[in-house]
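Here is a short briefing on one protein chain. Please keep the structure open while you read.

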Amino acid sequence: MTSTTAHPLTTTRRTTLAGAATLGVLVTTAACGGGSGDGPAADTAYEAPSSDLEARITYGLWDQAQVAGLQRNIDAFTAKFPGVEVAVNVTPFSEYWTKLQTQASSDTLPDLFWMNGPNFQLYAANGKIAPITGAVEAGDIDPANYPSALVDLYSLDGVTYGVPKDFDTIGVWVNTDLFARAGVGLPTAEWTWDEFQDTAVRISQALSAQGVFGAAGGMDGQTTYYNTIFEAGGEVVADGKSGYASTDAVAGLQFWTDLIASGGSPSIQQLTDTTADQWFTSGKLAMYWGGSWFRAALTDTDLAGKVQVLPLPRGAQQVTVIHGVSNVVSASTKNRQAAQALQVFLAGQEAQQQLGSAGTVIPAFNGTQGTFASSMPGTDLQLFLDAVDYSKPLPVSENTAAWNALETDLLPDAFSGARPVGEVAGDLAQQMDEALADE
């Protein structure tokens, strides 16, 4: 998933989730007011196309940086189906969901388009995207070819709607030069929460005169507190209820409050002014919890030769959040067979290998990720692939935006120490449950 600015993929993933929090509300309004409102699409019709299929279809996405790789996919597709013309419509992420909302309201969605986790259930529950059931039953798509956590992310009430296109997991990016300057040894891959906290404090203390911090918290749940809540054994949302009030979830939040209070991290206000990834890329942060997409932000920079990456430190268990984009077919497309044909092709090993060779994302098809793992010599990117084995899907619900906004409003007081973590978590759980009940 992606769009681009100075640090293409950094903006991509982070903005994806932040943007969803705002724009999802608008989509809710549109789906209820102008969409079908009849529940999930029930039509699972699928017919494998013949080579003489003729159609003109549109493919909607938001990341210009991936167009070159995708065009190779489309060229290979149209070589098999020369009568199918594919128009790629790129809309910047800042406008993508607003445009999609309008199209959903008028049943004019692109024939095939990108979907992300925070918005998926909203579109599926409102009958805007077609299940992949027919293609699976025909044997043209096999969900076993993709990480199961991603398949789960794009399933609702036992029905799968999206085919994973790519994925990302979370690790700790390390500035080895700052470790050396602080006189602190590089941790092992088996490190614990206590070792992480101790390392962060030691580096902050050693390099405080240079304005350097050992690590950083922040308000991006995907890269920070969702992971520690899971590692503590808690949940963010489960069975339609908030998990924030549990002792384990509070422990996962307390991890970040303690880090900031110890001086191992900039304050929450400093992190509001300058995000953790910006601290890292400016050479002022020794450890950054970031996604696999962050590799692109380091390419051709002075930091590239000073970076290593480690798995997340272990809590009660080892977990990383996994997320990725899927390709979905519009339930109202007039070119169902051609759109499904492209969806099936993009889901295949040939197309996924082509996408991986482009080097912008980790393809979702198992066994096609080798190019990414070797794309930054000297840095162990393989760990992002190994992390799939202990990953959990990004927490979402039908209206993810509603409780994402509550997190943004309430959690800063917990991280800053303005209010006890347990008290904030309790308030968040209560308000989140009310939002979930309205879905």
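The model is predicted.

- Two or more lining residues come from each of helix 4 (117–125), helix 6 (148–153), strand 4 (155–156), strand 9 (237–238) and strand 16 (391–393).
- Where does the second largest pocket lie relative to domain 1 and domain 2? Domain 1 (55–167 + 323–384) and domain 2 (169–322 + 393–438) both give residues to the lining, so the pocket lies between them.

**Helix 4**

- Helix 4 is mostly covered, with 9 of its 9 residues buried.
- The buried residues are Gly117, Pro118, Asn119, Phe120, Gln121, Leu122, Tyr123, Ala124 and Ala125.
- Just after helix 4, glycine 127 takes a positive phi of about 70 degrees.

**Helix 19**

- Helix 19 spans residues 421–437, which makes 17 residues.
- From first C-alpha to last, helix 19 reaches 24 Å, close to the 24 Å expected at 1.5 Å a residue.
- Its buried residues are Val421, Val424, Ala425, Leu428, Ala429, Met432, Ala435 and Leu436.
- Seen down the axis of helix 19, these buried residues fall within an arc of 135 degrees, so they line one face of the helix.
- As background, an α-helix has 3.6 residues a turn, so residues three or four places apart point the same way.

- Most residues other than glycine have a negative phi.
- Aspartate 157 is not a glycine, yet has a positive phi of about 50 degrees.
- Aspartate 157 sits in the loop between strand 4 and strand 5 (159–160).
- Is aspartate 157 buried or exposed? Its relative accessibility is 72%, so aspartate 157 counts as exposed.
- The loop between strand 9 and strand 10 (241–242) holds aspartate 239.
- Aspartate 239 has 81% relative accessibility and so counts as exposed.

**Buried single residues**

The cut-off for buried is under 20% relative accessible area.

- Aspartate 63 is in the loop between strand 1 (55–61) and helix 2 (67–80).
- With 0% relative accessibility, aspartate 63 counts as buried.
- Aspartate 63 and serine 262 are 199 residues apart along the chain, and their C-alpha atoms are separated by 39 Å.
- Alanine 286 occupies the loop between helix 12 (276–281) and strand 11 (287–291).
- The relative accessible area of alanine 286 is 0%, so alanine 286 is buried.
- Between the C-alpha atoms of alanine 286 and arginine 314 there are 19 Å, with 28 residues of separation along the chain.
- Isoleucine 268 belongs to helix 11 (residues 268–273).
- Isoleucine 268 has 11% relative accessibility and therefore counts as buried.
- C-alpha to C-alpha, isoleucine 268 and glycine 211 are 16 Å apart in space and 57 residues apart in sequence.

**A partly exposed residue**

- Glutamine 337 is part of helix 14 (residues 336–347).
- At 26% relative accessibility, glutamine 337 counts as partly exposed.

Terms used
Residues are numbered from 1 along each chain as its sequence is written. This is a predicted model: local features need pLDDT of at least 70, side-chain atom pairs count only at pLDDT 80 or more; totals for chains, interfaces and linings use all residues. Side-chain values use heavy atoms; hydrogens and water are left out. Helices (H or I, at least four residues) and strands (E, at least two) are DSSP runs, numbered from the N terminus. Domain bounds come from an automatic or database domain assignment. The expected span of a helix is 1.5 Å times one less than its number of residues. Buried means under 20% relative accessible area, exposed over 50%, partly exposed in between (1.4 Å probe, protein chains only). The arc is that of the directions from the helix axis to the C-beta atoms.
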